[in-house]
Amino acid sequence: MVSFTRIGRTAGIALGAAGGLAGVGALALLRRPLPKLSGELALPGLGAPVEVIRDRWGVPHLYARDNRDLFLAQGYVHAQDRLWQMELHRRTGHGRLAEAFGPVALESDRFLRTLGFGRVARREAAALVGGAREAIEAYCAGVNAFIAANRGRLPVEFAILRLAPRPWEPADVLVWGKVMALNLSENWAAELLRARIVAAVGPERAAALDWAYPDDHPLTVPAGARYGPALGERALEGAEAARPFAGGGDVAQGSNAWVVGGARTVSGAPLLANDPHLALQLPSLWYEIQLTGGDYAVAGASIPGSPGVVIGHNARIAWGVTNGMTDVQDLYLERFDPADPTGTRYEYRGQWEQAEVVREEIAVRAGRATVTEIEEVRITRHGPIVSGLIPRQGPGPDGAADDQPLALRWLALEPVRLTDAILALNRARDWDEFRAALADWTVPSQNFVYADVDGHVGYAFAGDVPLRARGDGRLPAPGWTGEWEWTGVVPRDELPHALDPEEGVVVTANNRVAGADYPHPFHSEWLPGYRARRIRDLLAATPRHDTASFARIHGDLCSLPGRAFAEIAGRLPATGPVERAARAALAAWDGDLTPDSAGGLIYAALRRRTLRRAHAEIAGPLGLVTGLGALATSPANGFLLRALPGVLRRLRDGDDAWLPPGETWDDVLRDAWTETIAELRAAQGDDVAAWRYGRAHALTLRHPLGAVPALARLFNRGPFPTGGDFDTVCMGSADISPAGIPTYVAPSYRQICDPADWDRSLAIHPAGQSGHPASRRYADFIKPWLNVDYHPMPWTRAAVEQAAAHRLSLTPGGGRGV
């Protein structure tokens, strides 16, 4: 998660009113919200007692009589440990941050209200039926029971910000799924970047520069579309204003997941591993839990604010996920009637249509008062206008409008049944029920790996994939012609899937899913396949796997592109002693991107400089900085990340024809090397032997209020020197935004599931189970996570009892406690 520095410094945080948290009274203030973990307490609404056993790693195991009691208790337990995080998440989704943080969050709220996540969540809530409605309503009742019983003992963040949480409603549960979909969907920004590259160098050169463009597939500029150099400026600024609250970073967020069949394991049963990569934060996004009662017996990673388990296993099956990377977003250039004084009439197929107008009232904190800002959102048949209420209509230098009205069509802006899918997944007993559960998983698109106790392994893609009447969605298209519409989605039974593949291995790491023989268009923003290739190589290198060999794969720091750079080190000029020592260090480097590696540091800097230098002719679009001040970021990082394989191939082959006339790859290397040496000397001195990757690549886990200097030591943890980068299996992508704000994307959760004996399964996430900084469970997972260690996932009642540390009985009536 991007730093909250600007928020913390301008949100009117009253440190004096909070009791001077750095002072003597801090401990009492911090410990007061710690929840009751043992004994008995009353939970209104229960039909029968629920037992909550927390193990010695802080993971709760819930035992209930029926579904309603189970989810009511899950809501209560989530609120015990993570209520502040849940509050921040729902405020983000609904666009109600400025009410808490003041004007600094207003642009974020404007953008999120424009997208309309809250509007869609309310429509989804009204349509809930059956088990999903029962689960969500019970979950909200559990959260509300905790709030009602603890008004004087709320998490310290509420006291610092002088906030009181309102009661939870079903839409609050549903809205965070939209924010997660936003974090995992980046195509609309890629469309704008491509359009700006077309504006800079023309469509043919833009096609040649595109990161993974097929030679036989021209980059078609939709007829009638003209792109100015500032197309979508306001939309991008809005998105970047939202990013500090919604999460995400400047690079794509990927994941690893793999499964092997019993013929390749020590136990003779399948084995499954997963590590989703997301921007890290405090508290952790994930909360581990076991739920047993009614129709459910499931364990794994849940998200505070939502019922059920997102990643994990039940008594019969295990599953893991990676981001599907499919293109489910399209931008449409809309043509509004300049003669219409309301600004709501737009053209479609030669006729005028009327845009829907939604009046959003945004509460903005102003000291102890609240003011109201109005955002009027125009919505066409394609979606909300994301480029601003009154876009700039003036022509650019080429005569094209710099900021034409842009409508966003996106599956997440339509009602979905994600909770139904998660709950059905939690109950699934076999492959058929697993696939049936995924039929309701429409967005965000995900790759699922599967294993079961009967020895089956498999892969299934989940998510709606648009079918387009024309084009491939890679560039903004004219909305007025009707020629670029969506005609439907790929039939769900025809989405990529495989049960028991012949080789007995499934690997997915955001690499390409569908081959050329797949019968439907499958447009995606695939990531390079380095991680997938390395995982396959490591799986092949061990004849029989167990949890220990899978853990070694999770911790692998080998950089395949780093090895490629080391192989060309001899082409680098060595004009002085530092250059010679650096070239020798790179040439001798084994490709392991460890924190203490000098060669890894040199590679990381040279890679970045080479990519920028190779694309110097589009430095304008690639140098685009969106957002203001602390919210500034560079949307081009994902483009360059995906460009790396092509650049390495052309560099190796000496394909000078790809470069601008008169330039060679030796020129590119020379310039990039000169800049690399200057950068590293300035940062780490002239002694190459003392250079360390971990000094430039460190992780600090940040809490939103840790941006306040006086609170940083209380809320934040780190820095920790780390290894890896985006292309290593043990992924760690540290970056600095244009405003100097650090970001860090890495495994947000690791699990290894063993269907032969669920008690042998392992898990870890990078912080701790508690969101209370005074709790010993606030950050106790950091060290094992850094070391790629795990804790057991006790499953059977006997294993849970053996690991028990606290026992809490939630009763329908009587008892005391909080």
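## The open sheet

Three strands form an open sheet in the order β16-β10-β20, with mixed pairing. The edges are taken by β16 (406–410) and β20 (477–478), each of which has a single partner strand, so one side of each lacks a neighbour in the sheet. Strands are DSSP runs of E with at least two residues, helices runs of H or I with at least four, both numbered from the N terminus; two strands pair if DSSP finds at least two bridges between them.

Strand β10 (residues 329–333) pairs with β20 in the parallel sense over two bridges. Tyrosine 332 lies opposite alanine 477 in β20.

## Basis of the model

The model is predicted, with local features requiring pLDDT of at least 70 and side-chain atom pairs counting only at pLDDT 80 or more, while totals for chains, interfaces and linings use all residues. Residues are numbered from 1 along each chain as its sequence is written, and side-chain values use heavy atoms, leaving out hydrogens and water.

## Threonine 344

Threonine 344 belongs to the loop between β10 and β11 (345–348). With a relative accessible area of 8%, threonine 344 is buried (under 20%; exposed is over 50%, partly exposed in between; 1.4 Å probe, protein chains only).

Beyond its neighbours within four places in sequence, threonine 344 is in contact with Phe336, Glu353, Gln354, Ala355, Val357 and Arg378 (contact: heavy atoms within 4.5 Å). The side chains of threonine 344 and glutamine 354 are joined by a polar contact of 2.3 Å, the term denoting a pair of N or O atoms within 3.5 Å, of which, within protein, one must be able to donate a hydrogen and the other to accept it, and residues adjacent in sequence count only if both atoms are side-chain atoms.
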